[in-house]
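I opened my notebook to record, step by step, what I looked up in this structure. The entries go from the chain as a whole to single elements and residues.

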Amino acid sequence: MHLEEYEYKKDIEKVLSTDDDESSSGGKKKKVGTDFWVEVFLEAEEKWISADVVKGQVHCVSELHSRASHPVSYILAWNNNFSLKDITARYSPHWNTVTRKLRVDSAWWNQTLKPFLGVKTSRDKQEDEDLARQQLDKPLPTTISEYKNHPLYALERHLLKFEAIYPPDSVTLGFVRKEPVYARECVHTLHSREIWVKHAKVVKPGQQPYKIVKARPKYDKLSGNFITDLPLELFGNWQIQDYVPPTAENGVVPRNAFGNVELFKQCMLPKKTVHLQLPGLNKIARKLQIDCAPAVVGFDFHCGGCHPTFDGYVVCEEFKDTLIAAWEEDQAETAKREQEKCDKRVYGNWRKLIKGLLIRERLKARYDFGNTSNSATGKGKGKSKAPKMASKNRRMGSDNESDSD
């Protein structure tokens, strides 16, 4: 390519790019920031130091952030060992308020960066601690909106339905518009008694609900209507204790009011019982007159309601071997019956087929049914009958003529 042609094309590209920038920014040329710089680890200070090789500056964290392309949502460091690290918290002055809301879901982002992360060393751990300490040293946010979903601070107005501040006399970190600011560690998630049971926890005796809210509408089968505005008692993790499963006695499995065993976690299995995940075990136990209860392992929401999910059965441990042997014997007999049923159907089909073939052969031998060879060669009884009928008709015609004469 000649030099004149190259310069001409560069001028055309420059004009086109200028027009695009002016059209996109409303007539103003878009400013391109400095999005690349260097970090150097100083052994004397034991920390990373930012350096701008273009401007010739060091220790210029705020200057680099101001000269970068805004909004600054992600700042990644490329290490010498070809690994990546997210260091946005070091440069963003509003990391926990503005910048964090501009980013994607943190769980997805961490999972995406996981293949590119290097082996975590003591230097990396010290760096993370230093970044966390810098966030704590920053002053409190000055607006109400910045406290919403803040990872360090919380306001009582932003608490969700199942959240509460504990202890109630928690130390306030400051005030914003005469409203106390609490640490995020003081915000706890509350649950009802039923939800705590699913976590293998029960409320301690004599505990008062820490918070009462309105429950979800409940469908009443008798009236056919939804009951609303029912109170729901909530309890915190300081009001619960571990679930102690009951003990099976006299061969009877302890169950709830619905006749099931709540087995949301394996530690909830009643003592002196076993959990057998064998289909149809309840029928075998009923025949042997052994107590057996279905195990509820969870709940599923479908068809507009909540329905329990069953998985196996709970029986007393002294009947375990007896039930397993009887179940295996029943499975063998069931498989045998299924095979006999299949064989009977196969033999019946063959019998129908053979009978049909025999009937076809008898019809063919008696009425020459299905003989295609004669029709192809033009010979057979069918062809000889036609002339006979024609001659008979001619003979009848001649007799009529003679009578008329």
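**Notebook: from the whole chain to single residues**

I began with the overall count and found that the protein chain has 11 helices and 20 strands. I noted at once that the model is predicted, and I kept that in mind for each later entry. Of the 405 residues of the protein chain, 26% count as buried. The protein chain exposes about 29800 Å², and carbon and sulfur atoms supply 55% of that area. I then looked up the contacts with a separation of 6 or more, and 59% of them are between residues 24 or more positions apart.

Next I turned to an open sheet of three strands, whose order is 6-9-8 and whose pairing is antiparallel. Strand 6 (153-154) and strand 8 (174-176) are the edge strands, since each pairs on one side only. I followed strand 8 to strand 9 (residues 179-183), and I found that three bridges join these antiparallel strands. For Gly174, I looked up the bridge partner in strand 9, and this is Val181.

**Entry on helix 8**

Which residues of helix 8 (residues 281-288) are buried? I found Leu281, Ile284 and Ala285. Seen down the axis of helix 8, these buried residues fall within an arc of 100°, so they line one face of the helix. I reminded myself that an α-helix has 3.6 residues a turn, so residues three or four places apart point the same way. On the face turned away from the buried side, helix 8 carries the exposed residues Lys283, Arg286 and Lys287. I also checked what covers the buried residues of helix 8, and the cover includes strand 18 (273-276), strand 20 (305-316) and helix 9 (320-367). After helix 8 comes Gln289, which has a positive phi, near 60°.

**Entry on a surface patch**

I then looked at a nonpolar patch on the surface, formed by Val346, Tyr347, Trp350, Leu353, Ile354, Leu357 and Leu358, which together have about 730 Å² of accessible area. I picked out Leu353, whose place is in helix 9, and its relative accessible area of 45% makes Leu353 partly exposed.

**Entry on Gln135**

Is Gln135 buried or exposed? I found Gln135 in helix 6 (residues 122-137), and at 10% relative accessibility Gln135 counts as buried, because buried means under 20%. Leaving aside the neighbours within four places in sequence, I listed the contacts of Gln135 as Ala89, Trp95, Asn96 and Leu152.

Key: Residues are numbered from 1 along each chain as its sequence is written. This is a predicted model: local features need pLDDT of at least 70, side-chain atom pairs count only at pLDDT 80 or more; totals for chains, interfaces and linings use all residues. Side-chain values use heavy atoms; hydrogens and water are left out. Two strands pair if DSSP finds at least two bridges between them. Helices (H or I, at least four residues) and strands (E, at least two) are DSSP runs, numbered from the N terminus. Buried means under 20% relative accessible area, exposed over 50%, partly exposed in between (1.4 Å probe, protein chains only). The arc is that of the directions from the helix axis to the C-beta atoms. Contact means heavy atoms within 4.5 Å. Patches are made of residues with over 30% relative accessible area and no salt bridge: like charges are joined within 9 Å, nonpolar side chains (Val, Leu, Ile, Met, Phe, Trp, Tyr) within 5 Å. Accessible areas come from the Shrake-Rupley method with a 1.4 Å probe; for residues, only the protein chains shown count as cover. A salt bridge is a side-chain nitrogen of Lys or Arg within 4 Å of a carboxyl oxygen of Asp or Glu.
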